[in-house]
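Hi,

Here is the structure I promised to send over. Have a look at it first, and then read my notes on the pockets and the ligand below.

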Amino acid sequence: MISKTHPRYQSLLLRDKVKNAFKEGYLADTGMIAHGRGETFDYLIGEKTTETAKKACEAAVATILLAENPVLSVNGNTTALAIDEIIELAKATDSKIEINLFYRTPERVEIITRMFKERGWEDILGTNEEELAYIDNLNSPRATASREGSYMADVMLVPLEDGDRAEVLVQNGKKIICIDLNPLSRTAKMSTISIVDNVVRAVPLMTKIANEFKESGKDKDREFLENIVNNFSNEQNLKDSLASIKLK
Ligand code: ATP
Ligand code: MG
């Protein structure tokens, strides 16, 4: 048990979730290392959502709402840290959810599928039962693509993605939105929109923004949404994110 009074309570709680995901068998050991790298960058940005990340979240939501076939891609880390939040975002934006694992095994896919179904999300894509396709140029188990999902998707949210896959997805003409605490990662540089924030904060913020747009009817206002997207520069946003790292 982690004491709530511990000064690093929130961070330890996330660490615990990641550790349990490994023990439960749906997170690869390298997923724990990836989490450690994320923690470092989160520490450096002050473990809170910056104004810069908020702008990226707005552009991301606008892009998803303008999409024909938006897909939220989930891996072990995202499931461990933000499964309920991903389901809420999918509901708020009419997106599909697809499993995509860097180290895909039938067991990991099965556990994640079950976790989503237990929460009432039945139509999870990228499962073992499906006839999976492969995204061009990446003929490896991590390039699996659901025919209804990432194969067809025009916009994909890829939290904690690997640089190689992000590059291939962009080459295949998709708009890629990543959530990555490291503004220097290849994924962040490759993506169309890079949200430099922790997945546990960014996903609920995106849902909040989507719901606000809905309440004011702006979710259907293409001109309003296109304006947000056109006024966003990922290059500038990444520079600003880097500047928010304060080395004292
Ligand atoms: P790339 O291949 O893009 O250069 P990488 O090889 O450095 O990245 P990976 O291990 O492929 O990194 O992916 C993990 C990425 O996810 C890291 O950049 C890390 O900062 C980020 N990350 C880890 N935990 C979180 C989190 N909770 N929220 C957001 N990002 C995270
Ligand atoms: Mg990588």
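Ligand 1 sits in the largest pocket of this predicted model. "Sits in" here means that more than half of its atoms lie within 2 Å of the pocket's grid points. A pocket is found on a 1 Å grid over the protein atoms alone, as an open set of points where a 1.4 Å probe fits, with protein on both sides within 12 Å along at least five of seven lines; lining residues have an atom within 4 Å of a point.

Some housekeeping: residues are numbered from 1 along each chain as its sequence is written, while chains are lettered from A and ligands numbered from 1 in the order in which they are written. Local features need pLDDT of at least 70 and side-chain atom pairs count only at pLDDT 80 or more, with totals for chains, interfaces and linings using all residues, and side-chain values use heavy atoms, leaving out hydrogens and water.

Now the ligand. It has 19 residues around it, and Arg-37, Gly-163, Asp-180, Thr-187 and Asn-198 come nearest (a residue counts if one of its heavy atoms lies within 4 Å). Helix H2 gives the most to this shell, four residues; helices are DSSP runs of H or I with at least four residues, strands are E runs of at least two, and both are numbered from the N terminus. The shell splits into six nonpolar, seven polar and six charged residues, where Ala, Val, Leu, Ile, Met, Phe, Trp, Tyr, Cys and Pro are nonpolar, Asp, Glu, Lys and Arg charged, and the others, Gly among them, polar.

- The side chain of Asp-180 has an N or O atom 2.8 Å from an oxygen of ligand 1.
- Arg-186 places a polar side-chain atom 3.0 Å from a ligand 1 oxygen.
- Leu-181 uses a backbone N or O atom, 3.2 Å from a nitrogen of ligand 1.

On its own, ligand 1 exposes 630 Å², and the protein buries 87% of that (Shrake-Rupley areas, 1.4 Å probe).

Back to the largest pocket: its volume is about 1100 Å³, counted as the space filled by probe spheres set on grid points joined across faces, edges and corners. Its lining has 49 residues, with Gly-31, Ala-34, His-35, Asn-77 and Leu-160 nearest the centre. H2 supplies the largest share, nine residues. By class, the lining holds 19 nonpolar, 16 polar and 14 charged residues.

The second largest pocket has a volume of about 180 Å³. Its lining has 14 residues, and Lys-17, Thr-79, Ala-80, Ile-83 and Arg-119 are closest to its centre. H4 gives the most here, seven residues.

Cheers

Key. A polar contact is a pair of N or O atoms within 3.5 Å; within protein, one must be able to donate a hydrogen and the other to accept it, and residues adjacent in sequence count only if both atoms are side-chain atoms.
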